[in-house]
Each structure stands twice: as structure tokens, then as C-alpha cells.
Amino acid sequence: MTAYATLADLNAWLPAAQAVATTGAAAPEATRLLTRASQLVDEAVRAPYAVDTNGAPTDATVIAALRDAACAQFEQWLEVDEANAIDGLAGATMAVDGYSGPRAP
């Protein structure tokens with residue numbers, strides 16, 4: 001999977017004091033985290049959207065929303081560590097008044 005955001009996108013999103021290295025030893029880890037953040041965004045998105053033959057979104061609004069969501073997830077990890085995703089309970093099983101299944105993100 002390709003990340004929804006680049007390191008340049010991430011640095012445009014983050015406050016200057018939190019900017020990540022785009023070269024050197026730290027860059028591969030930041031790229032890995034952006035890819036993982038994009039995977040979490042994919043798991044949370046429930047609305048269909050148009051994609052190209054590579055599975056990438058084609059609508060500019062969707063592209064921007066997915067990019068921003070991946071950057072926001074990365075920023076959240078800067079605060080609380082990678083072990084804590086967007087919603088730690090997302091996907092957990094729940095049962096309420098006859099419904100039993102995964103909790104919504």
C-alpha cells in the first residue's frame with residue numbers, strides 16, 4: 001500500500017517544531033508510520049470513493065481528506081506513541097440491545 005501522505009505533506013501539516021526528517025536514518029521510519037497511518041485510515045473509512053486502476057483515490061477532495069487523516073494519525077502518535085491508534089476501542093466487539101458485532105470507529 002502507498003501512503004496517503006508524503007513526508008513533505010506531513011511537514012506541511014505538523015507545527016515546525018515537530019517536523020520530521022525527510023532524509024537520513026529517520027526518514028524510513030516516518031515513511032513506515034505514514035503507511036501504517038494510511039492503513040488505519042483505510043480501515044476506518046466506510047464511504048465508497050472512486051479509485052484509479054492502482055486503487056488510489058481520484059477525487060481531489062477525497063485525496064485531501066485521506067492525506068489529512070493520515071497526517072493527523074501520525075501527529076497523534078507523536079503525542080501518545082504508535083501503540084495507541086485513532087480509537088483504541090475501534091473494532092472491539094460489543095453487544096447492545098440485540099446487536100452484537102464490531103464497535104464503529
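A contact is defined here as heavy atoms within 4.5 Å. By that criterion, residues 24 or more positions apart account for 55% of the contacts in the chain with a separation of 6 or more. This is a predicted model, in which local features need pLDDT of at least 70, side-chain atom pairs count only at pLDDT 80 or more, and totals for chains, interfaces and linings use all residues. Residues are numbered from 1 along each chain as its sequence is written, and side-chain values use heavy atoms, with hydrogens and water left out.

**Overall architecture**

- The chain contains three helices and two strands, where helices (H or I, at least four residues) and strands (E, at least two) are DSSP runs numbered from the N terminus.
- The order of these elements along the sequence is α-α-α-β-β.
- Of the 105 residues of the chain, 21% count as buried; buried means under 20% relative accessible area, exposed over 50%, and partly exposed in between (1.4 Å probe, protein chains only).
- The accessible surface of the chain comes to about 6,600 Å², and 57% of that surface belongs to carbon and sulfur atoms; accessible areas come from the Shrake-Rupley method with a 1.4 Å probe, and for residues only the protein chains shown count as cover.

**Nonpolar core**

- A nonpolar core is a set of buried Ala, Val, Leu, Ile, Met, Phe, Trp, Tyr and Cys residues joined through side-chain atoms within 4.5 Å.
- The largest such core has 18 residues, and those with the most contacts inside it are L7, L10, V20, L34 and F74.
- Two or more residues of this core are given by each of α1 (7–13), α2 (26–44) and α3 (60–80).
- Helix α2 supplies the largest share of the core, with seven residues.
- Leaving aside residues up to four places away in sequence, V20 touches L7, L10, N11, L14, A30 and F74.

**V41 in helix α2**

- V41 lies in helix α2 and is buried, with a relative accessible area of 5%.
- When residues up to four places away in sequence are not counted, V41 touches Y4, L66, A69 and A70.
- V41 and L66 are 25 residues apart in sequence, yet their C-alpha atoms are 7.2 Å apart in space.

**Q73 in helix α3**

- Q73 is found in helix α3 and is buried, with a relative accessible area of 1%.
- The side chains of Q73 and Q76 are joined by a polar contact of 3.1 Å. A polar contact is a pair of N or O atoms within 3.5 Å; within protein, one must be able to donate a hydrogen and the other to accept it, and residues adjacent in sequence count only if both atoms are side-chain atoms.
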